[in-house]
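This report describes a protein chain for a reader who is new to structures. Please keep the sequence and the 3D view at hand while reading.

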Amino acid sequence: QLQLVESGGGSVQAGGSLRLSCTISGFTYNSWRWGWFRQVLEKEREGVAVFARGVTTYAGSVKGRFTISRDNFKNILYLQMNNLKPEDTAMYYCAADRSSGAYSQTNLRAGDFDSWGQGTQVTVSS
């Protein structure tokens with residue numbers, strides 16, 4: 001029943017900002033973990049940021065520039081991206097880790113997440 005739909009992607013110049021949204025449909029639990037991932041053509045899917053009970057973890061390449069947050073009332077997961085760089089160009093996906101005890105995990109492994117959106121493209125030009 002859980003559905004995730006990303007939005008907010010687009011084309012921006014280096015140094016610009018974007019805020020991605022992941023609209024969540026269906027009942028959610030505080031024990032679940034949420035994340036943002038990205039993938040470039042012919043590259044592995046990379047963990048960008050994860051959120052669990054208010055605790056956040058970021059990939060080293062985006063620390064200080066990206067912020068993950070969740071609006072529990074609206075059921076939306078956000079990824080605020082500032083000071084964007086051409087290297088940030090990718091398809092961005094939101095995902096949920098619904099496993100038991102997921103709230104205690106802080107890793108960025110895509111394989112831990114079992115529910116995914118269809119992605120939104122982010123393109124950053126120099």
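Contact means heavy atoms within 4.5 Å of each other. By that rule, methionine 81 touches Gly16, Ser17, Leu18, Leu20, Arg65, Phe66, Tyr92 and Val122, leaving aside residues up to four places away in sequence.

The model is predicted, with pLDDT of at least 70 needed for local features and 80 or more for side-chain atom pairs, while totals for chains, interfaces and linings use all residues. Residues are numbered from 1 along each chain as its sequence is written, and side-chain values use heavy atoms, with hydrogens and water left out.

**The core**

A nonpolar core is a set of buried Ala, Val, Leu, Ile, Met, Phe, Trp, Tyr and Cys residues joined through side-chain atoms within 4.5 Å. Buried means under 20% relative accessible area, exposed means over 50%, and partly exposed lies in between (1.4 Å probe, protein chains only). The largest nonpolar core has 28 residues, and those that touch the most other members are Trp36, Leu79, Met81 and Tyr92. Two or more residues of this core come from each of E3, E4, E5, strand E7 (66–71), strand E8 (76–81), E9 and strand E11 (120–125). These labels follow DSSP runs numbered from the N terminus: helices (H or I) have at least four residues and strands (E) at least two.

**Strand pairing**

Two strands pair if DSSP finds at least two bridges between them.

| Strands | Direction | Bridges |
|---|---|---|
| E4 and E9 (residues 90–97) | antiparallel | seven bridges |
| E4 and E5 (residues 46–52) | antiparallel | five bridges |
| E2 (residues 10–13) and E11 | parallel | four bridges |
| E9 and E11 | antiparallel | three bridges |

Strand E4 covers residues 33–39, and six of its seven residues are buried. Tryptophan 36 stands opposite cysteine 94 in E9, and arginine 38 faces glutamate 46 in E5. E4 and E5 make a hairpin with six residues between them.

Two further facing pairs involve E11: serine 11 stands opposite threonine 123, and alanine 90 stands opposite valine 122. In a regular strand the side chains alternate between the two faces of the sheet.

**The disulfide**

A disulfide is a covalent bond between the sulfur atoms of two cysteines. Here a disulfide is counted when two cysteine sulfur atoms lie within 2.5 Å, and the structure holds one. Cysteine 22 is joined to cysteine 94, with an S to S distance of 2.1 Å. Because cysteine 22 is in strand E3 (residues 18–25) and cysteine 94 in strand E9, the pair ties together parts that are 72 residues apart in sequence. The torsion about the S-S bond of cysteine 22 and cysteine 94 is about 60°, so the disulfide is right-handed. Both cysteine 22 and cysteine 94 are buried.

**Aromatic rings and a charge**

Rings of Phe, Tyr and Trp (its six-membered ring) pair if their centres lie within 6.5 Å; planes under 30 degrees apart count as stacked, over 60 as edge-to-face and the rest as tilted. There are six aromatic pairs in the structure. The ring centres of phenylalanine 37 and phenylalanine 113 are 4.9 Å apart and the planes stand at 75°, so the pair is edge-to-face. Phenylalanine 37 lies in strand E4 and phenylalanine 113 in the loop between E9 and strand E10 (115–116), so the pair ties together parts 76 residues apart in sequence. Phenylalanine 37 is buried, at a relative accessible area of 0%, and phenylalanine 113 is buried as well, at 5%. Elsewhere, ring pairs link Phe27, Tyr29, Trp32 and Trp34 into a cluster.

A charge sits over a ring if NZ of Lys or CZ of Arg is within 6 Å of the ring centre and within 35 degrees of the ring normal. The charged end of arginine 45 sits over the ring of tyrosine 93, 4.1 Å from its centre. Arginine 45 also lies over the face of tryptophan 116, at 4.8 Å from the ring centre.

**Positive phi in two loops**

Glutamate 42 is not a glycine, yet its phi is positive, at about 65°. Glutamate 42 lies in the loop between E4 and E5 and, at 77% relative accessibility, counts as exposed. Asparagine 75, also not a glycine, has a positive phi of about 60°. Asparagine 75 is in the loop between E7 and E8 and is buried, with a relative accessible area of 15%.
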